[in-house]
Amino acid sequence: SNIFVEDFFDPMAAWRTARGDGFDWIVGNPPWVGSGEKGQAHALAWMSQNKHRPVVNRRVAEAFAWEARDHLRTGGRAGLVVEGMTLFSDQDSFRKAFFKSISVESVTNLVNLRRELFDGRAEQPAAVLVYGPDGPLPRSTTCVYSPLLVNQTTTAASSSRRARVWTLCLNQSEVRVIPQAELARGPALTFKLAMWGSPRDERLLQRLRARRDETLGSLKTRGWVARQGVWRRPATAPNAEFVPELVGKSALVRGALDKLQG
C-alpha cells in the first residue's frame, strides 16, 4: 500500500494523496535527463509553472530537488544524487536560488570519483545534496566534502585491477565548512576551491579580484611561474632548487599516482 510506480511530477499521482503531512526522509537518484526528453512532459510543465525555482538546462534532477522540499515533514531531510554540473556549471541560477532559500546541511562532491562509482555503469560526475524543508538561518553553514580518488585507500587492489568501491574514506583535508551565504552567491569557484584549493589560494584570488586589471595570466608578465608543486629533478638540472623541508621524507612515486587518477 505504500509502493507507487508513478511520475513524481504528475499532479494527479496517487502517492500525493497518501503522503499525509509529509515524509521524514526522501532519498533517491532522480533522472539525469532534460525535460525535453521522452517521458518528461510533467517535469516540463512543472518548470513552466515554477519560474521562481530556476533549473539549469532543464535538468530534471534540479527540479526534483526543488519539489522534494515541499514533501518533507518538519524536521525531515532529503538526500539526492544530482549531476556534478549542478555545482560547476557556469550558469549559476539554480545554485543562487537553492542555497538562498533552503537550509543545505551538506554537499558531497563526487566529481573526482566519476569513473569509480556505480560499479562502472555510469561515468558522469555526481554530487549529493542533503537538506531540510526550512530556509537557512543568517549564519548557516554547509559541510562540503570533496573526496579525492588518491585518498580512497579502499579502492586499492592487490593486482592491476582496481577494487570495487563500496565505501568512502573521510579525509580531514577534503572537508570544508562554508557559510551558506557564500554558496548562495553562486560561483562555481567556491566548490572548486573546496575541492582543490586552500585558504591561501582563496586570498590570492580575492586580491586579484580587488585589482580588476589583474588575472592569473597577467601575473606571468611580472615574473610569476605557475607550477604543479614540487618537481623532483637532478641537482644538475637547470633551475634546480634545494628544498631542505623534504630531506628525509619518503619519495613520491608518481607512477602509482598516475594509475590511481587515470
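Start by selecting Ser140, which sits in the loop between E4 and strand E5 (141-145). Helices (H or I, at least four residues) and strands (E, at least two) are DSSP runs, numbered from the N terminus. Bear in mind that this is a predicted model, where local features need pLDDT of at least 70, side-chain atom pairs count only at pLDDT 80 or more, and totals for chains, interfaces and linings use all residues. Residues are numbered from 1 along each chain as its sequence is written, and side-chain values use heavy atoms, with hydrogens and water left out.

Stay on Ser140: its relative accessible area is 15%, so it is buried (under 20% relative accessible area; exposed is over 50%, partly exposed in between; 1.4 Å probe, protein chains only). Show its side chain, and you'll find it reaching the backbone nitrogen of Leu137 at 2.6 Å. Contact means heavy atoms within 4.5 Å.

Next, the strands. Select E2 (72-83) and bring up E4 (126-131); the two run antiparallel, joined by six bridges. Pick Val82 and look across to its bridge partner in E4, Ala127. On to E1 (23-28), which pairs with E2 in the parallel sense over five bridges; strands pair if DSSP finds at least two bridges between them. Here Trp25 has Arg77 of E2 as its bridge partner.

Last stop: helix H2 (residues 60-69), mostly covered, with 10 of its 10 residues buried. Among them are Phe64, Trp66 and Arg69. Colour what the buried residues of H2 pack against: strands E1, E2 and E4, plus helices H1 (41-49), H3 (85-88) and H4 (93-101).

Notes: Polar contact = N/O pair within 3.5 Å; in protein donor to acceptor, adjacent residues only side chain to side chain.
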